[in-house]
Amino acid sequence: MTERIVVVGFGPVAARLIDELLPAVRSGIAHLTVVGEESEAAYNRVLVADLGVGRTTPAALALADAAALVADGVDVRLGVRVRRVDRARQQVLLSDGTSPGYERLVFATGSRPVIPNLTGLNPDPAAPVLPPGVTALRDLRDASVLHSAVAGGKRVVVLGGGVLGLETALAAAEEGATVTVVHNGPHPLGRNIDRGGGAVLAASLRNCGVRVAGNARSVGVEHNAPDGGFSALLLDDGSAIDGDLLVLSCGVRPRTELAEGCGLSTGAGILVDHKLRAHHEPHIFAIGDCAEVRCPDPECVQCRTARGPSGLVGPGWRQAEWLADYLTLLASGAEAEAEALPSLPAELPGVIVLKARGMNLAVAGEVSADPWDEDALSAGAVIGRARLQIAQWADPEHGRYVKMATRAGVLEGLVAVGMPRTSAELVQLFERGAELPADRSLLLRLDGPDQVASAGAADPARTVCRCAGVSGTAIATAVSEGCGTVPEVSASTRAGTGCGGCHEDIKGIIEAHFQGAAA
């Protein structure tokens, strides 16, 4: 019997799941249906801002080819919405009137942008109504709106100081737009970075041509442009920030409404166990931004401290790859093997990386404690556990700042601004759980002038693309086998198909290879 698998959603995580399930489809043990609301097949949403400023093309963002999938036997439904899920009949009722059945159903519905409750906006999460000149920069049509503004050298206002908002602001400013970032709190990345790093970050943004309006609480949107579009963002102190385009970058929320509508348990996301199965429903799964791994076992220590969906593409891809193995075993009748499959490993805390011309930042872990904050340093130091230690260095004049939070010499948190090589080394040590050198200043020297000439001598086995888990060795091998551009390396290894933060590193490996060949 052919197992019917229906995937709801066709974003980057769904694309990876479909790709991994293709062998089962080709062999005939699985029939796969994918339902996507947009008329386009999966593409990389993280790089929509790059498309908006003209740095890439829609073809380069594409993660799936609908025609090729159909040729492989996948039933691809584009431009179709799921009205509801009938769990009793195991059917998915679609907006085109059809009702495909399933043995296994996978929610990969992702997340939707948060629309702030401002005068002049309709924040209805299901169907927000945005006036002309206001965009959440979520899809290809939003990218075209940003592209028009940037190409015309218009004034762009970015509401939100998170990493995506800052990347958009930096890219738009670099391409000629006049950009202002408006955020609440004393500095950008307020939820992730400490005060010192935030202050240096804000100064670095200004040095890159981005205006920063901090401690600003927005209350309304004025749309008095000639076409009735956006003209100013109104603040609670009575002031206004004029502009031609407002980019909303206020975070995202998991799309759980379909799951809730059919009676599944939800928290921040759709609640799933360690095998990505919905609570009390073995036929339904969830992956990616919409999934919250929190099993029903109240004794599970791992789930006791779970934080909900990560919002990062890398963990979603790893979920997709694991689930494809699990579903393939089920479809082939190997249920015992499927149940014996080791559960998906818990994800390590995410690393925030921000790269632009003249700007480099990395943040990870808990970094709120200060070097002399005795209460914070001693918290958790019980039953022989070491106390927290903070090493901190700042050079605000030159936009440099480093903070290392360690316990027994192992990094628990880091901030690095304007220190690219120190940042790269700290991120590797953090992800490996390795001990730092006793003399922390050795790490700072990586960005010294004597290290510039040897910058290319980094560990070749290091992970260059954290989203896809691709090492420098794998990328170098692909280059030696004929890949001469970042897109070619991406097609061969999947490196660079996530957040795009590793593109410069991939270029460096390519350039180093060809320089060596020329020599």
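A salt bridge is taken here as a side-chain nitrogen of Lys or Arg within 4 Å of a carboxyl oxygen of Asp or Glu. In the predicted model, D273 and R277 form such a pair, their closest N and O atoms being 2.9 Å apart. Because buried means under 20% relative accessible area, D273 counts as buried, at 14% relative accessibility. By the rule above, the structure holds 31 salt bridges.

A further salt bridge is formed by the side chains of E40 and R141, with an N to O distance of 3.3 Å. This pair links distant parts of the chain, 101 residues apart: E40 belongs to the loop between β2 (30–36) and α2 (48–52), and R141 to helix α5 (residues 140–151). E40 is partly exposed, with a relative accessible area of 25%, and R141 is also classed as partly exposed, at 41% relative accessibility. R387 and E374 form another salt bridge, with 3.0 Å between the closest N and O atoms. R387 is placed in the loop between α12 (374–378) and β23 (388–395), and E374 in helix α12, so the pair ties together parts that are 13 residues apart in sequence. R387 is partly exposed, with a relative accessible area of 29%, and E374 is partly exposed at 45% relative accessibility.

The largest nonpolar core contains 77 residues, and F10, F107 and L323 have the most contacts inside it. Helix α10 (residues 313–331) gives the most to this core, contributing eleven residues. When residues up to four places away in sequence are not counted, L323 touches L17, V106, K275, L276, F285 and I287.

Five strands make up an open sheet with parallel pairing, in the order β8-β15-β9-β10-β11. Its edge strands, β8 (134–135) and β11 (210–213), each pair on one side only. Within the sheet, strand β9 (residues 155–159) runs parallel to strand β10 (residues 178–182) and is joined to β10 by five bridges. V156 has V179 in β10 as its bridge partner. Helix α6 (residues 163–174) lies across β9, β10, β11 and β15 (245–248), and runs at about 165° to β10.

Helix α7 (residues 195–207) comprises 13 residues and reaches 18 Å from its first C-alpha to its last, close to the 18 Å expected at 1.5 Å a residue. The buried residues of α7 are G197, G198, V200, L201, A202, S204 and L205. An α-helix has 3.6 residues a turn, so residues three or four places apart point the same way. The buried residues of α7 pack against α6, β11, β21 (351–356), β22 (359–365), β24 (400–407) and β25 (410–417). Just after α7, G209 adopts a positive phi of about 90°.

A separate description applies to the antiparallel strands. An open sheet of three strands, ordered β12-β13-β14, has antiparallel pairing. β12 (218–222) and β14 (240–242) are its edge strands, each pairing on one side only. From one strand to the next, the twist averages 20°. Strand β13 (residues 232–235) and β14 run antiparallel and are joined by three bridges, with A232 opposite D242 in β14.

Eight bridges join β23 to β24 in an antiparallel arrangement, and D395 has R400 in β24 as its bridge partner. These two strands form a hairpin with four residues between them, and G399 in the turn has a positive phi of about 70°. The antiparallel pairing of β24 with β25 extends over seven bridges, with R407 standing opposite V410 in β25. The hairpin of β24 and β25 has two residues between the strands, and A408 takes a positive phi near 55°. Seven of the eight residues of β24 are buried, so this strand is largely enclosed by the rest of the structure.

Note on methods
Residues are numbered from 1 along each chain as its sequence is written. This is a predicted model: local features need pLDDT of at least 70, side-chain atom pairs count only at pLDDT 80 or more; totals for chains, interfaces and linings use all residues. Side-chain values use heavy atoms; hydrogens and water are left out. A nonpolar core is a set of buried Ala, Val, Leu, Ile, Met, Phe, Trp, Tyr and Cys residues joined through side-chain atoms within 4.5 Å. Buried means under 20% relative accessible area, exposed over 50%, partly exposed in between (1.4 Å probe, protein chains only). Contact means heavy atoms within 4.5 Å. Two strands pair if DSSP finds at least two bridges between them. Axes are lines fitted to C-alpha atoms, for helices over the stretch in contact, and angles run from 0 to 180 degrees between N-to-C directions. The expected span of a helix is 1.5 Å times one less than its number of residues.
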